[in-house]
Amino acid sequence: MNKTAASKIYVSRRETARPAEPVLSVIVPVFNEEDVIEHFLDATLPVLEKTGLAFEYVFIDDGSRDKTADILSEKLKTGLRGKLLGLSRNFGKEAALSAGLEAVRGDIAVIMDADLQDPPELILQMLDGWRAGYDVIYGLRVDRSSDSLMKRSTANMFYKLFNKLANIDMPANAGDFRLIDRTVVNALLELPERNRFMKGLFAWVGFPAMAIPYERPPRRAGSGKFDYWKLWNFALDGLTGFTTLPLRVWFYGGAAISFAAFTYAIVLTIRTSIFGVDLPGYASLMVALLFFSGVQLLSIGMIGEYIARLFNEAKQRPVYILQDVIESEPQESDKASKDADAGQSES
């Protein structure tokens, strides 16, 4: 296990303050996962029961068009503990995670995908890290051979670029699979932005963290929902949401180009004064015109990206819209505890 630099006093204080019987919430965003959801439940239920903790599932249906909601609804009716949040349309995974964080009631939240590329067995190790005083225990993908070469290469480039440009340290190859303490959940809920890049937000809030390396297996069934265009926009949201350096690059770039143009103007003036006027070259004129036009369009486009995000934030639209909540039927133990509580309050 890799542990981030954190003051030992905070970790030790958290370790002694952990509740003996915490409630565990498992946040699972789903979108057209009918082929894999049964496998997911078969794999995760034994692990959750092995923890010996009270637990709940929080499924977020991000506008599925298949039978995902039907399957989960039936499972909840027949004893599966948890709830299904049905969003009114597909808002994206980041919005679905935000909805899940707002709905959890547990002292601990585990975020994982339904495709079983996040090994459920690691939850037991994550709980050990939480009991040791760490507030964030995240899975670190050390082997991504199940992903394509293009995806691995672009992901590595993105993490390197992000950590160089942003003012936070986001662990490379750390996905959304993680366990977080209730204090971290509460901190995330205080962040009001609409353009949400959850990996960056997890890193921004801080707290003592621990990494658990694992090899990422292939999907158990179904197909991934991200294409390269979505991944590009996802990366762009991450960069523009956590650094203004691209804007500064164009400022310094414009200053450098202006200095070079001023210097070249002086050279032309001196040369004309000494050697007289010569016929300007058409090729050099077109190259200069196209180059500076391209620079202007790129700089305007970069400024436009930030203005678009300001526009989205100014509208203050909700991150998601919830159309329905389907909760599991109360268990006999839950009914008994409620009756006991009611009896105590009456007496």
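This is a short tour of the chain, stop by stop, for use with a viewer.

**Before you start.** The model is predicted, so local features need pLDDT of at least 70 and side-chain atom pairs count only at pLDDT 80 or more, while totals for chains, interfaces and linings use all residues. Residues are numbered from 1 along each chain as its sequence is written, and side-chain values use heavy atoms, with hydrogens and water left out.

**Whole chain.** Show it as a cartoon. There are 12 helices and nine strands. These are DSSP runs, numbered from the N terminus: helices are H or I with at least four residues, strands E with at least two. Of the 347 residues, 40% count as buried. Buried means under 20% relative accessible area, exposed over 50%, and partly exposed in between (1.4 Å probe, protein chains only).

**Helices α2 and α3.** Select residues 37-50 and 68-77. The two helices pack at an angle of about 35°, with axes 10 Å apart. Axes are lines fitted to C-alpha atoms, for helices over the stretch in contact, and angles run from 0 to 180 degrees between N-to-C directions. Now show I37, E38 and L41 of α2, and I71, L72 and K75 of α3: they make the contact (heavy atoms within 4.5 Å).

**E38 and K75.** Keep this pair on screen. E38 and K75 form a salt bridge, with the closest N and O atoms 3.2 Å apart. A salt bridge is a side-chain nitrogen of Lys or Arg within 4 Å of a carboxyl oxygen of Asp or Glu. E38 counts as partly exposed because its relative accessibility is 33%. K75 is partly exposed too, at 28%. The structure holds eight salt bridges.

**D135 and R18.** Which side chain meets D135 in a salt bridge? Select R18: the N to O distance is 3.0 Å. D135 lies in the loop between α5 (122-131) and β6 (136-143), and R18 in the loop between α1 (8-17) and β2 (23-30), so the pair ties together parts 117 residues apart in sequence. D135 counts as buried at 0% relative accessibility, and R18 counts as buried at 15%.

**K93 and D176.** Their closest N and O atoms are 3.0 Å apart, in another salt bridge. K93 sits in helix α4 (residues 93-103) and D176 in strand β7 (residues 174-181), 83 residues apart.

**Helix α8.** Six of the eight residues of α8 are buried, K199 and F202 among them.
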